[in-house]
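Me: I have a model open and I am new to it. Please show me how to read its features one at a time.

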Amino acid sequence: MNKRVLLVKRPVGWVDPSCFTVESCAEPACGAQDVLLQALYLSTDPYLRGRMNAGTSYAPGFELGQPIVSRVVARVLASGHTGFAEGDLVWGFLPWALRSVAPRGEGLQRIDPALGRPSHFISALGMPGLTAWTGAIEIGQPAPGDTVFVSSAAGTVGQLAGQFARRAGARVVGSAGSDDKVAYLVDRCGFDAAFNYQRTDLDEALRMHCPRGIDVYFDNVGGSTLEAALRHANVAARFPVCGMISTYNAVDDAGVRGLQAVLNKRITMTGFIIYDHVHKLPAYQARVAPWLRSGELVFHEDIVQGLENAPAALIGMMQGQVIGKRLVQVAAE
Ligand SMILES: NC(=O)c1ccc[n+]([C@@H]2O[C@H](COP(=O)([O-])OP(=O)(O)OC[C@H]3O[C@@H](n4cnc5c(N)ncnc54)[C@H](OP(=O)(O)O)[C@@H]3O)[C@@H](O)[C@H]2O)c1
């Protein structure tokens, strides 16, 4: 039997396990030109929270009673499409199911195992990595000596954003929600400083760790961290606005205080959605794959085993239990 994870209830506030059902189901029907896939790794991502409700302009809401869909690495079990052969590794937006079918192979992207680990194609070598590069380098434009502050710095995007900015010569400071994450950032990822925002006053921490002010704030969380970054920003600072996870489970919009700093300090705040930059993925992969292979770019994955554990894996990621990228492995490579 096949198995899949369905959304059965729309969350109000925090997501809880009752929003999901893991069920056994029939094997998917595979037409003559279709590609039958065995899922290997499922990606858990913060934007899935929005898709459990109405969705956004770039990602529509999931239908109740239908599977969760995210980026998935899969192996081709059978193919009626000339572009794919049995045994090929691919990634695409696929349902949370052990096996699924891509009609006529649509949306599947080939994985070149010589470039990197298969799981990296939905993490460091995939769209999350490109997100970090686009925000930290293309929008942030860090110059040598600039101070770059990254929030949710020990997460998937944050760990890479900080390391990319550091390679550009900036002084990099990260915030994260536990002492273990802070140690990971400083000891493993080479951040110049990091602090636990759960246990520190934000203003005190930014005064201490960014004594010359903030030139680039890579925003992953919004809320009070964004407000503090506005207070400590320098004139002409750049704020790549990547995400606002502190608001994703909120029922009311608390607003942002201190926005007048954008005017007074001539700050450029640039929201970006990575789907607009997807054409840059091959060049990004070619640039970053050697850094990952040599180990000069550090990237931590937290891999949960088993499809039935996917809902808890997603909830735990949203709650901050994870260092790095959380994936769910549902079959052996
Ligand atoms: N613009 C785009 O196209 C794009 C693409 C990908 C991702 N994103 C966004 O980028 C951000 C990071 O995504 P990711 O995939 O790398 O996730 P992630 O950082 O690996 O995981 C989420 C982390 O968010 C932190 N968090 C949760 N609630 C928080 C709160 N109230 N305040 C501060 N931090 C909180 C937690 O870490 P702590 O322990 O540190 O709290 C948690 O581990 C998200 O906002 C996501 O929506 C945007």
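Reply: Start at the end of a helix. This is a predicted model.

Me: Where does glutamine 141 sit?

Reply: Glutamine 141 belongs to the loop that joins H2 to strand E8 (147-150). Its phi is positive although the residue is not a glycine.

Me: Is glutamine 141 buried, exposed or partly exposed?

Reply: To judge this, count C-beta atoms within 10 Å: 20 or more means buried, 12 or fewer means exposed, and partly exposed lies in between. Glutamine 141 has 14 C-beta neighbours inside 10 Å, so it counts as partly exposed.

Me: What comes just after H3?

Reply: Glycine 169 comes there, with a positive phi of about 95°.

Me: How do I read the helices themselves?

Reply: Begin with the general idea. An α-helix has 3.6 residues a turn, so residues three or four places apart point the same way. Then compare length with residue count. H3 has 12 residues and spans 18 Å from first C-alpha to last, close to the 16 Å expected at 1.5 Å a residue.

Me: How many residues of H3 are buried?

Reply: Of the 12 residues of H3, 10 are buried, and the helix is mostly covered. Among the buried ones are Thr156, Gln159, Leu160 and Phe164. The elements that cover the buried residues of H3 include H2, E8, strand E9 (171-176), strand E11 (214-218) and strand E15 (325-329).

Me: And how many of the 13 residues of H2 are buried?

Reply: In H2, 11 of the 13 residues are buried, so the helix is largely enclosed by the rest of the structure. The buried residues of H2 include Met127, Pro128, Trp133 and Ile139.

Me: Is phenylalanine 299 buried or exposed?

Reply: Phenylalanine 299 has 25 other C-beta atoms within 10 Å and is buried. If neighbours within four places in sequence are left aside, its contacts are Ala124, Gln159, Leu160, Leu292 and Gly324.

Me: Which domains does the assignment give for the chain?

Reply: The assignment gives domain 1 (2-114 + 301-329) and domain 2 (127-275). The C-alpha centres of the two domains are 29 Å apart.

Me: Where does the ligand lie relative to domain 1 and domain 2?

Reply: Look at which parts of the chain supply the surrounding residues. Both domain 1 and domain 2 give residues to the shell around the ligand, so the ligand lies between them. The shell has 28 residues, and the closest are Gly155, Thr156, Gly177, Gly243 and Gly320.

Me: Which helices supply at least two residues of the shell?

Reply: H2 (127-139) and H3 (156-167) each do. H3 gives the largest share, 3 residues. By class, the shell holds 15 nonpolar, 11 polar and 2 charged residues.

Me: How do I read the chain as a whole?

Reply: Count the elements, then check the overall size. The chain has 9 helices and 15 strands. Its radius of gyration is 20 Å, close to the 20 Å that the globule rule gives for 333 residues, so the chain is as compact as a globular protein of that length. The C-alpha trace spans about 60 × 45 × 35 Å along its principal axes.

Me: What share of the 333 residues is buried?

Reply: Buried residues make up 46% of them. As for contacts between residues at least 6 apart in sequence, 65% join residues at least 24 apart.

Note on methods
Residues numbered from 1 in each chain as written. Predicted model: local features only at pLDDT ≥ 70, side-chain atom pairs only at ≥ 80, totals over all residues. Domains from an automatic or database assignment. Near = placed C-beta within 6 Å. Helix = DSSP H or I, 4+ residues; strand = E, 2+ residues; numbered from the N terminus. Nonpolar A, V, L, I, M, F, W, Y, C, P; charged D, E, K, R; others polar. Contact = placed C-beta atoms within 7 Å. Expected span 1.5 Å × (residues − 1). Rg over C-alpha atoms; globule rule 2.2 N^0.38 Å.
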